[in-house]
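Here is my note on the model, point by point. Please keep the coordinates open while you read.

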Amino acid sequence: MDMGRESRWDKDAMTVEIAFALVTAAVLAGVIFAVAWALALVLGLSGSAGRGMLVGGALLGAVAGVGSLVRVLLRFDKQRRMGN
């Protein structure tokens, strides 16, 4: 039959997992940036301090988002290779 080829179910599962990983990574990055923005507003930071807080929040959010994306996709790949 189709030995060695991925079934349609496997391809659909990969698509769903990739979409899940992207959405959760974007939400995580957005939440971290929003927290940094809220802190800058609450603390009344302006000028370079406020900008630094926003840049730091954006960088931290990006790193956390990419880390989350990689973690979810690696976990899925490990489960797929184990046959689950």
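The points below go through the helices, their packing, selected residues and the salt bridges.

1. Helix 1, length. Helix 1 covers residues 8-42, which is 35 residues.

2. Helix 1, buried positions. Which residues of helix 1 are buried? They are Glu 17, Ala 21, Ala 25, Ala 36 and Ala 40. Helix 2, residues 47-82, is part of what covers them.

3. After helix 1. Gly 44 follows helix 1. Its phi is positive, near 70°.

4. Helix 2, length. Helix 2 has 36 residues, and at 1.5 Å a residue it should span 52 Å. The C-alpha atoms at its ends lie 53 Å apart, which agrees with that figure.

5. Helix 2, buried positions. The buried residues here are Gly 50, Gly 57, Gly 61, Gly 65, Ser 68, Val 72 and Phe 76. They pack against helix 1.

6. After helix 2. Gly 83 comes after helix 2. Its phi is also positive, near 95°.

7. Helix packing. Two packed helices are described by the angle between their axes and the distance between the axes. For helix 1 and helix 2, the angle is about 160° and the axes are 8 Å apart. That angle makes helix 1 roughly antiparallel to helix 2, because anything over 145 degrees counts as such. The crossing of helix 1 past helix 2 is right-handed.

8. Ser 68. Is Ser 68 buried or exposed? Ser 68 sits in helix 2. Its relative accessible area is 11%, so it is buried. Leaving out residues up to four places away in sequence, Ser 68 touches Thr 24, Ala 25 and Leu 28. Ala 25 is itself one of the buried residues of helix 1.

9. Gly 67. Gly 67 also belongs to helix 2. It is partly exposed, with a relative accessible area of 38%. How far apart are the C-alpha atoms of Gly 67 and Ala 25? The separation is 8.0 Å, for two residues 42 apart along the chain.

10. Val 63. Val 63 is another residue of helix 2. Its relative accessibility is 59%, so it counts as exposed, the cut-off being over 50%. Val 63 and Asp 10 are 53 residues apart in sequence. In space they are 29 Å apart, C-alpha to C-alpha.

11. Salt bridges, count. How many salt bridges does the model have? The count comes to 3. The next points take them in turn.

12. Arg 8 and Asp 12. These two form a salt bridge, with the closest N and O atoms 3.3 Å apart. Both residues lie in helix 1. They are 4 residues apart, about one turn of the helix. Asp 12 has 34% relative accessibility and so counts as partly exposed. Arg 8, at 56%, counts as exposed.

13. Asp 77 and Arg 80. This salt bridge has its closest N and O atoms 3.0 Å apart. Both partners lie in helix 2, 3 residues apart, about one turn of the helix. Both count as partly exposed: Asp 77 has a relative accessible area of 23%, and Arg 80 is at 35%.

14. Asp 77 and Arg 81. Asp 77 also forms a salt bridge with Arg 81. Here the closest N and O atoms are 2.9 Å apart. Arg 81 is exposed, with a relative accessible area of 64%.

15. Network. Which residues are linked in a network of salt bridges? They are Asp 77, Arg 80 and Arg 81. Asp 77 bonds in this way to Arg 80 and to Arg 81.

16. Recap. The predicted model has helix 1 and helix 2 packed at about 160°. Buried residues of helix 2 pack against helix 1, and helix 2 is among the elements covering the buried residues of helix 1.

Terms used:
Residues numbered from 1 in each chain as written. Predicted model: local features only at pLDDT ≥ 70, side-chain atom pairs only at ≥ 80, totals over all residues. Heavy atoms only, no water. Helix = DSSP H or I, 4+ residues; strand = E, 2+ residues; numbered from the N terminus. Expected span 1.5 Å × (residues − 1). Buried < 20%, exposed > 50% of the residue type's maximum accessible area, 1.4 Å probe, protein only. Contact = heavy atoms within 4.5 Å. Salt bridge = Lys/Arg side-chain N within 4 Å of Asp/Glu carboxyl O. Axes fitted to C-alpha atoms, helices over the stretch in contact; angles between N-to-C directions. Parallel < 35°, antiparallel > 145°, perpendicular 65-115°, else oblique. Left-handed = near helix turned anticlockwise from the far one by under 90°.
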